[in-house]
Amino acid sequence: MLVGAMMISAMHAQVVDQGEAALVYYSPKTLVSLDFAYTVETQEMGIYAQYAESMLGATEVIKENKTTYSLTHVQIGTRTLTDYERPHKVTADAGIPLLLTINERGMLVGYNLPPFEKKPAPFRPDTCHKPGARNRVSVAPYPEEVLTAANPLAQAHAVAKQIFHLRETRMYLLNGEVEHAPADGRAMQLVLAELDKQERTLTELFVGKKCTRTEHKRVEMLPEEQEELFFFSTDNGFTDAENIDADTIRVNVVLHPQEFKPVVEDKKKKAKAPEVSPIVYNLPGSGDVKVVFDGRTLGSRTIPVAQIGVDVPLAKSVFSGAELPVIIFNEKTGNILSISK
């Protein structure tokens, strides 16, 4: 790392001579950013699973703890770095005013732009951790008989009895066969929702429960003409090539470099070429990114690739006249977004 840093520093130092009045900016470099989304389903067996069918008549019961991973889709994007191998120098004797706007990463973002100040990011308070807040722990609504039962079978009987009691209470409420009914419809909904919650919590002690969440895996890579491989399995999620149960994720990139058109000389028309300025913009190439998993295409997209572009100089005549142009450059590609006067 130290040797690499010294080489980069040496390369930067070679751009401008000592005492030279100049501005230096760099072209952008494009990275391919892959955001894989996958679901994680967790199945948790209930502690009274062996009694589920005999006591509740439940047939769909989770028999073992298991976690299953499923890859759903991928979002293909880009991230921009500074390409220190493509510096551009604009000297004071170039014949144009040095009104360049260069961002903190050393890339050209505009010419003759009005002065501006970067606004600080808005303050966003942390809503996850509030002073004095307590974590709520969910406890199953066990009846007293469960805590005093002598063995698991007796506990299961007590829990099943409580489940049937909750069902009867809900039925009495719906039929209006209770002495103290809720005052209004809203109160009735709250009571029924709480009864459903308690019954569901106790029933999960027999049939088990499932939990599904979505997670993300983000990967960045240089766009190159070679296949990148990743590995994913239903038992472990993202894994390595040594896992024999894993399926392969193939990322293919087909690059289309930008090239100059060959100049064909016309002997009849020999127009004088316009004088160019030291300010250049980048005409990017492109890349076709395709992600394939288990025989299906997860995603595909054509992205601009800055580092396989070409530098095109602007003519000096653009900067002539009483009014200078206002030029806005694309920070991701180095191309021109607009020119106006």
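Asn112 is partly exposed, given its relative accessible area of 23%. Keep in mind that this is a predicted model.

- Asn112 has a phi near 60°, which is a positive value in a residue other than glycine.
- On the chain, Asn112 sits in the loop that runs between strand 4 (108–111) and helix 3.
- Asp294 isn't a glycine either, yet its phi is positive, at about 55°.
- You'll find Asp294 in the loop between strand 9 (276–293) and strand 10 (296–315).
- With a relative accessible area of 55%, Asp294 is exposed, because the cut-off for that label is over 50%.

**Aromatic pairs**

- Searching the whole structure turns up 10 aromatic pairs.
- One of them is Tyr38 with Tyr69, a tilted pair with 6.4 Å centre to centre and 45° between the planes.
- That pair links distant parts of the chain, since Tyr38 belongs to strand 1 (residues 22–44) and Tyr69 to strand 2 (residues 66–91), 31 residues apart.
- Tyr38 is buried, at a relative accessible area of 10%.
- Tyr69, at 19% relative accessibility, counts as buried too, because the label applies under 20%.
- Tyr111 and Phe319 make an edge-to-face pair, with centres 5.0 Å apart and 75° between the planes.
- Tyr111 is in strand 4 while Phe319 is in the loop between strand 10 and strand 11 (326–329), so this pair ties together parts 208 residues apart in sequence.
- Tyr111 and Phe319 are both buried.

**Aromatic cluster and its lysine**

- One aromatic cluster is formed by Phe36, Tyr38, Tyr69, Phe230, Phe232, Phe238 and Phe293, so the tilted Tyr38 and Tyr69 pair described above is part of that group.
- Lys217 lies over the face of Phe238, 5.9 Å from the ring centre; Phe238 is itself one of the cluster members.

**Nonpolar surface patch**

- Ile47, Tyr142 and Leu147 make a nonpolar surface patch of about 330 Å².
- Leu147, one of the three, lies in helix 3 (residues 144–148).
- Leu147 counts as exposed because its relative accessibility is 69%.

Key
Residues are numbered from 1 along each chain as its sequence is written. This is a predicted model: local features need pLDDT of at least 70, side-chain atom pairs count only at pLDDT 80 or more; totals for chains, interfaces and linings use all residues. Side-chain values use heavy atoms; hydrogens and water are left out. Patches are made of residues with over 30% relative accessible area and no salt bridge: like charges are joined within 9 Å, nonpolar side chains (Val, Leu, Ile, Met, Phe, Trp, Tyr) within 5 Å. Accessible areas come from the Shrake-Rupley method with a 1.4 Å probe; for residues, only the protein chains shown count as cover. A salt bridge is a side-chain nitrogen of Lys or Arg within 4 Å of a carboxyl oxygen of Asp or Glu. Helices (H or I, at least four residues) and strands (E, at least two) are DSSP runs, numbered from the N terminus. Buried means under 20% relative accessible area, exposed over 50%, partly exposed in between (1.4 Å probe, protein chains only). Rings of Phe, Tyr and Trp (its six-membered ring) pair if their centres lie within 6.5 Å; planes under 30 degrees apart count as stacked, over 60 as edge-to-face and the rest as tilted. A charge sits over a ring if NZ of Lys or CZ of Arg is within 6 Å of the ring centre and within 35 degrees of the ring normal.
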